[in-house]
2 protein chains.
Amino acid sequence: MNKIALAQINPIAGNIKFNSQKIIDCIKDAKQNGADMIIFPELALMGYPFGDIFIRHKSIITRQLKALEEITAQTSGITALVGFAEPTCDADKKPFYNSVAVMQNGKIINIARKRLLPNYSEFNDYRYFEPSKETPKIFELNGEKYGILVCEDSFNDKSFFKDDAIYSIDPVEELMRQNPDTLINCSCSPSRCAKEFIKNSLFSSIAKKYGVNYIYVNQVGYADNLSFDGTSRIYDKSGKLVLRAKTFEEDFVITSDLNGEINTLPTGMDKEIKPEEFSTEYKNDLDRTYKSIMFGIKEYFRKNGFKKAVLGLSGGLDSSICAVLLADALGKDNIWGISMPSRITSKESKDDAKILAENLGINFLEIPLADAIDPLKNMLNSAFKIIKTDKYEKSTTIENLQARLRATLLWSISNEHKQMLPIATSDKSEAYIGYATVNGDMSGGFAPIADVTKTKLFALGRFLNENRAQKNAIPQAVLEKPPGAELKINPKTGKTICAEEENMPYEFLDEIIWFVENKGYGFEDLLNHNFYYEKNHPITLEEKTEWINKFFRKSQFAVYKWHILPPSVVIDMHSINSVEYRQPIISCIN
Amino acid sequence: MNKIALAQINPIAGNIKFNSQKIIDCIKDAKQNGADMIIFPELALMGYPFGDIFIRHKSIITRQLKALEEITAQTSGITALVGFAEPTCDADKKPFYNSVAVMQNGKIINIARKRLLPNYSEFNDYRYFEPSKETPKIFELNGEKYGILVCEDSFNDKSFFKDDAIYSIDPVEELMRQNPDTLINCSCSPSRCAKEFIKNSLFSSIAKKYGVNYIYVNQVGYADNLSFDGTSRIYDKSGKLVLRAKTFEEDFVITSDLNGEINTLPTGMDKEIKPEEFSTEYKNDLDRTYKSIMFGIKEYFRKNGFKKAVLGLSGGLDSSICAVLLADALGKDNIWGISMPSRITSKESKDDAKILAENLGINFLEIPLADAIDPLKNMLNSAFKIIKTDKYEKSTTIENLQARLRATLLWSISNEHKQMLPIATSDKSEAYIGYATVNGDMSGGFAPIADVTKTKLFALGRFLNENRAQKNAIPQAVLEKPPGAELKINPKTGKTICAEEENMPYEFLDEIIWFVENKGYGFEDLLNHNFYYEKNHPITLEEKTEWINKFFRKSQFAVYKWHILPPSVVIDMHSINSVEYRQPIISCIN
């Protein structure tokens with residue numbers, strides 16, 4: 001049996017020098033360890049996603065081909081499979097094939113070209129790649145026969161996907177006609193909710209169905225809002241998982257008998273998530289959520305040359321969760337939590353912010369806003385004597401002013417410190433309906449929880465308090481009080497207005513979001529849907545109608561804000577992140 | 001000869017009710033005028049671009065088909081060509097064909113499906129559409145034979161494009177085998193630099209080559225950063241332009257002999273722009289630039305329900321040009337220009353801002369910043385005693401603070417007024433290299449000049465002063481002084497630092513941008529390029545190398561800012577607008 005190395009690397013799109021050096025280093029390692037073959041992910045040399053960069057910076061293409069030659073020269077005594085963007089050199093075709101070169105003893109002996117090109121959600125393969133019409137030839141190494149698939153090529157098994165199969169051909173079926181002993185799948189497969197469940201079931205069923213070994217090598221890394229989890233693995237001919245590389249880490253695994261360590265996954269990552277089981281408890285999805293965001297933060301900061309983060313601590317849920325995630329991802333000493341109370345901030349909130357910072361051991365500072373709010377209010381007051389307004393004091397102006405002043409201070413602090421990014425603490429529920437302030441909580445260099453809904457954040461908070469080494473870092477009150485930005489007083493109650501008063505219960509909102517994103521539910525579908533929330537909270541048809549209407553009205557108006565959200569991490573099956581969902585600002589969904 | 005109506009309409013993507021009513025109204029008008037046939041643009045019923053909205057809001061598809069039936073029922077006694085998204089109803093295919101239905105006497109008698117799908121720049125047809133493999137059948141009306149093309153179908157004439165033809169088939173050639181008397185091209189063709197030159201030459205040459213009448217009906221409107229100019233037209237069999245509808249306006253033209261009024265174009269819109277003629281004078285492109293942006297502003301505001309704009313007036317070039325454009329697009333009474341001087345703002349700048357506002361007759365207000373800057377400085381000073389910084393006073397913190405405070409005031413003012421948007425005044429040159437402040441001049445509900453370089457803005461300023469009814473609205477000093485945000489004092493000179501001191505001459509920068517965008521020039525190409533700037537300003541190789549290096553270094557770091565630029569209007573052949581150019585934040589171009 002051949003000794004095989006799985007090189008689960010983390011390339012940078014367009015950085016040919018960096019990527020090729022990494023590939024060459026891995027090949028050397030593999031050779032030193034006596035490997036017969038080394039396998040790299042899809043597009044390992046170019047890095048993925050690379051977007052349009054090659055159009056404006058054409059030299060990337062020639063540099064990639066030169067690097068491919070240099071890598072080929074390193075393959076004496078070893079076989080290497082390296083993903084690259086292969087120019088089609090045909091004006092009638094898209095610029096590239098998405099190819100895997102099989103190199104051996106200084107020569108390219110085979111090229112496998114991707115056949116199925118995904119073009120949905122975050123994928124835009126058709127913009128860049130020409131689909132190959134031919135089944136790649138299998139290759140032999142020491143009597144063993146190998147067939148190559150490139151990512152999506154493995155995702156059209158008709159006995160698995162049944163009516164959801166979206167392509168007419170099944171490259172696996174066609175490849176298997178050449179009777180390989182082993183299938184190799186080179187991938188750049190982004191991680192998200194329930195994806196691992198599909199991959200595991202699918203790959204295992206293919207291995208079993210055809211009685212073939214199945215090796216999957218996936219890119220690891222974060223780019224353009226997507227996290228690639230790695231988690232490369234091998235299934236034997238019975239479909240049994242026999243080796244699994246690390247998740248959210250580079251890894252380099254060598255196996256001489258297609259067996260090895262099975263690294264553990266984030267808890268629940270491999271579970272299925274079904275619409276009929278929707279609840280706001282998010283069981284099984286919290287560890288994955290936590291680790292995906294941590295990985296996204298680490299990667300974004302590292303790849304952009306940042307080390308520190310500064311964020312506002314309001315004593316509320318969003319900023320508390322962000323602080324924990326940042327402290328865990330970047331180290332507590334690198335985090336500055338700034339409490340910026342205004343006159344209407346409660347003592348409880350101030351205390352909660354401080355306690356959280358102390359619990360986490362992050363740097364903490366309180367900057368009361370009043371000294372700056374008052375002159376600004378005066379400036380606006382005199383302005384509004386000239387620019388007449390009839391809604392002042394009833395409007396959101398002063399609320400937003402507070403939020404924007406806070407962001408201004410955070411950006412000022414980050415300006416002053418090298419390698420420090422300000423953090424946008426907006427969550428998904430609020431971003432969805434535009435209940436987030438432009439240049440305020442929506443503003444920052446990175447938005448860690450922009451794809452996590454409010455009810456999931458509550459669940460995540462409880463999970464973090466229970467499961468981190470340091471228990472109960474988030475004050476209990478933060479997890480119990482109704483969310484609200486403490487920006488405005490309700491004149492009737494004299495208390496600050498909570499968000500649910502202005503919008504609708506988060507449990508209800510988050511369920512709307514789930515069914516719109518995952519099932520394409522429209523107004524009528526939602527009206528007929530039996531909400532989880534309704535089980536314990538009887539609501540009238542009028543209320544239900546009003547909330548659903550409000551959702552569509554507010555989310556239509558919020559599209560502008562979706563377009564200027566800072567970079568984030570796609571966590572759910574779907575999102576409002578423009579890398580994944582594209583709604584023009586001028587468009588109508590009713 | 002048939003009497004034909006060209007319905008150059010302005011639909012809204014996804015608003016089936018609005019679009020179908022508009023289509024039905026036009027059909028009624030055409031019938032009342034005795035027309036035999038009425039032609040609508042590509043995707044007239046769905047509106048374009050519609051992005052992913054049908055994925056989350058599936059009911060749009062059924063509503064569109066129902067509306068198509070209702071429209072069909074209106075076609076007694078007339079033939080109507082209506083573009084729509086035709087579901088393929090085949091899991092193996094993309095969701096839609098991009099089709100034109102030919103309706104007659106209450107029935108659909110023919111469907112033409114788009115064959116060539118563009119997938120470059122702003123186009124993403126392959127994400128949504130299945131390319132048709134068949135040549136549409138021609139149809140007859142009162143003895144005249146018509147063949148239908150859908151936009152890109154007409155853009156692969158090999159004698160015209162020669163080596164630049166990017167598809168193997170030419171749908172025009174194939175369609176002409178059926179000997180139609182007239183070709184009808186239903187389009188959604190976005191307007192941009194030099195595009196009209198290509199369209200005019202191409203359509204004319206096709207008409208002449210085949211001896212066929214050529215009717216082009218284009219969508220008009222603005223959506224998702226793109227402006228569609230309309231400018232529908234007819235060429236006779238000799239290739240002569242014999243009718244042209246209005247530009248940047250809805251129009252409804254009826255012709256009984258394929259002849260009619262030839263409306264004038266914005267000056268220079270139909271001129272070619274060649275790399276070898278690059279200069280920073282932008283001859284022939286200023287009237288088009290002015291009218292494209294005006295149209296974009298009008299459309300964006302109207303379609304989003306806004307009427308008024310508020311912007312900061314610094315007395316500098318960017319804000320002055322924006323004020324003129326806004327006043328002309330929305331009416332002077334709807335514009336508020338706010339001068340927000342800090343302590344280092346010169347009297348000249350303050351005066352220039354005021355004079356401009358008076359000249360334009362827009363509303364004007366001065367809000368000095370000092371009262372708010374001082375407490376904020378104090379807050380930051382005390383903060384920095386705790387969060388140690390060694391670069392304070394040497395940093396950009398206080399400069400940026402001024403810019404952010406200005407944006408905060410503008411957003412506050414817009415918050416207080418219904419239908420008022422704050423304006424981001426960033427220009428293209430500065431956005432390119434990241435010389436624009438997040439939450440500062442980069443922030444707003446709309447960015448009118450984000451695709452206009454600085455040297456072009458100078459030219460545009462001179463053009464506006466000469467060509468608007470009201471001469472010299474922009475004070476001469478604004479067009480003469482070196483650009484700079486007046487945010488910082490140069491300790492050596494005691495004067496505010498101008499932007500070119502910190503970056504490089506704008507003439508040089510803008511030429512780099514032009515050749516990177518249009519020719520894909522890399523570092524070496526630029527170093528070998530003979531800059532227009534060098535003709536009159538001898539520079540050393542060291543300077544040249546340093547500037548080119550600086551451009552790549554700064555623009556790499558600016559990609560984050562490109563991703564959060566507010567909506568704008570694509571003006572140049574290429575841009576950094578993410579609707580048109582996609583560069584992941586984590587990517588490398590060196």
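**Exercise 1.** Work out which domains chain A is given and how far apart their centres are.

*Solution.* Start with the bounds, which come from an automatic or database domain assignment: chain A gets domain 1 (4-255) and domain 2 (277-498). Next, take the centres over C-alpha atoms; domain 1 of chain A and domain 2 of chain A are 40 Å apart by that count. Then look at the contact, where two residues count if their C-beta atoms, placed from the backbone, lie within 7 Å. Domain 1 of chain A puts in seven residues and domain 2 of chain A eight residues.

A quick note on the model: it's predicted, so local features need pLDDT of at least 70 and side-chain atom pairs pLDDT 80 or more, while totals for chains, interfaces and linings use all residues. Residues are numbered from 1 along each chain as its sequence is written, with chains lettered from A and ligands numbered from 1 in the order in which they are written.

**Exercise 2.** Find how many residues each chain brings to the A–B contact, and which helix of chain A supplies the largest share.

*Solution.* Count first: 82 residues come from chain A and 82 residues from chain B. Now go by helix (a DSSP run of H or I, at least four residues, numbered from the N terminus). On the side of chain A that touches chain B, α12(A) has the largest share, with 13 residues.

**Exercise 3.** Decide whether A:Asn225 is buried or exposed.

*Solution.* Check the backbone: A:Asn225 isn't a glycine, yet its phi is positive, about 75°. Then count neighbours: A:Asn225 is buried because 28 C-beta neighbours sit inside 10 Å, and the cut-off for buried is 20 or more other C-beta atoms within 10 Å, with exposed at 12 or fewer, partly exposed in between, and C-beta atoms placed from the backbone.

Key: Helix = DSSP H or I, 4+ residues; strand = E, 2+ residues; numbered from the N terminus.
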